[in-house]
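Hi,

Here is the structure I said I would pass on. Have a look at it first, and my notes on what turned up follow below.

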Amino acid sequence: MTALRPEREDLYGGGSPYESPAGARPYAGRRPDPPTAPMPRLTEDGPAGPLPPATAAGAPAADEETMALRLPAGFGPQGGPTGAAAASSASAASPAAPGGRAARRKAAKRRGGRRHGGPRETTAPPAQRDPQRPLTRVEARRQARLRKAGPATIASRVIGEVFITTGVLMLLFVTYQLWWTNVRAHAQAGSETHQLQDDWASGKRNPGVFEPGQGFAILHIPKLDVVAPIAEGISNKKVLDKGMVGHYGEAPLKTAMPDARTGNFGLAAHRNTHGEPFRYINRLQAGDAVVVETQDTYFVYKVTSMLPVTPPSNTSVLDPVPPGSGFTGPGRYITLTTCTPEFTSKYRLIVWGKMVQERPRSKGKPDALIE
């Protein structure tokens, strides 16, 4: 650009007012223009010293011969900053957020919103969310979807609850069968044993014929530490489930009483649960003692043989002379029967014995109960 300047008279008589004829000497009376000081640089805080001469492309060189107003370097013809000056002014007016773009994104995530004109920011996970800040609508919907169970989840929960309930019921049933029935049967059998002993001590005599479920003797198996009352009949409800030993006293499986001159005294009891008095009779061996105590007499038997497995229908084991027992003729025998294998009732286990001693109670206990 060309600065405005006042015209001067042709001091040299023609030609350009700024040029003198060749060889002419400048007008002696003209005062030279005073030196022009550089314009100060403008900042937000005011002038900051002289500006260096403009050297950018397109900027006019400083004219030291004129007093016209001039704009400092970096300002356009309309008075506004251009180029580097504009960028510097914008930076000074709007300071950038510390940390750069990544820091601004993190700040936007913490605020829970999204920046205008930018992509949607993902919501921070619940573990990183400020617990004091209320949930946004998107977060509330997402948590509601997570809380809502699908069909597969509901079905798996129902099946799991059924399995758990079934397992608990089975555990309770097993506990009842293996533990509680024994506790109750031992209590009932012990009470019956004490009642018999009290009746005998008081002189109360029992009739020769006993009613089903009525106790009349006590069975002792010293090797197995068994002491159990003997009651008439083999009913589960009236006799066996109460922890007592049942006597086969009813037809068609009627057997002899211990005081009979000949015959087979047949007994039955549980091997498992309900007191399980015959649980370990499989451990008996030939010569082991089995004692039957009545109101007046001790009857002592010695084990002679065993039948480990036989069908429940084999009632011949209760005959007066049982086949397979080793007995060859009539005598005074005892037969113990129970279920086998343990915890099943598929087969029967049989133990036979032969009476070897009949001792009145007035003479004291036999040696088999003292040893």
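The protein chain has 5 helices and 10 strands (DSSP runs numbered from the N terminus, H or I of at least four residues for helices, E of at least two for strands). Before the details: this is a predicted model, where local features need pLDDT of at least 70 and side-chain atom pairs count only at pLDDT 80 or more, while totals for chains, interfaces and linings use all residues. Residues are numbered from 1 along each chain as its sequence is written, and side-chain values use heavy atoms, with hydrogens and water left out.

Strands E8 (residues 297-310) and E10 (residues 347-360) run antiparallel and are joined by 11 bridges. Tyr301 stands opposite Met355 in E10.

**Cores**

Of the 371 residues in the chain, 28% count as buried (under 20% relative accessible area; exposed is over 50%, partly exposed in between, with a 1.4 Å probe and protein chains only). The largest nonpolar core has 26 residues, and Leu219, Ile230 and Val292 have the most contacts inside it. By core I mean a set of buried Ala, Val, Leu, Ile, Met, Phe, Trp, Tyr and Cys residues joined through side-chain atoms within 4.5 Å. E3 gives the most to this core, with 4 residues. Leaving aside neighbours within four places in sequence, Leu219 is in contact with a list of residues including Val226, Ile230, Leu267, Phe278 and Val292. There is also a second, separate core of 8 residues, with Tyr248, Tyr333, Ile350 and Trp352 among them.

How many cavities of 30 Å³ or more does a search of the whole structure find? It finds 1, and the volume of the largest cavity is about 40 Å³. On a 1 Å grid over the protein atoms alone, a cavity is a set of points where a 1.4 Å probe fits but cannot get out, a pocket is an open set with protein on both sides within 12 Å along at least five of seven lines, and lining residues have an atom within 4 Å of a point. Points are joined across faces, edges and corners, and a volume is the space filled by probe spheres set on them. Tyr301 and Met355 are among the residues lining the largest cavity, as are Phe265, Arg332 and Tyr333. E6 supplies the largest share of that lining, 3 residues.

The second largest pocket has a volume of about 600 Å³. It has 29 lining residues, and those closest to its centre are Ala269, Thr338, Cys339, Ser345 and Arg348.

Lys346 sits in the loop between E9 (332-340) and E10. Lys346 counts as exposed because its relative accessibility is 55%. Not counting residues up to four places away in sequence, Lys346 touches Pro312 and Thr340. Pro312 is 34 residues from Lys346 along the chain, with their C-alpha atoms separated by 7.5 Å.

Cheers

Methods. Pairing = 2+ DSSP bridges. Contact = heavy atoms within 4.5 Å.
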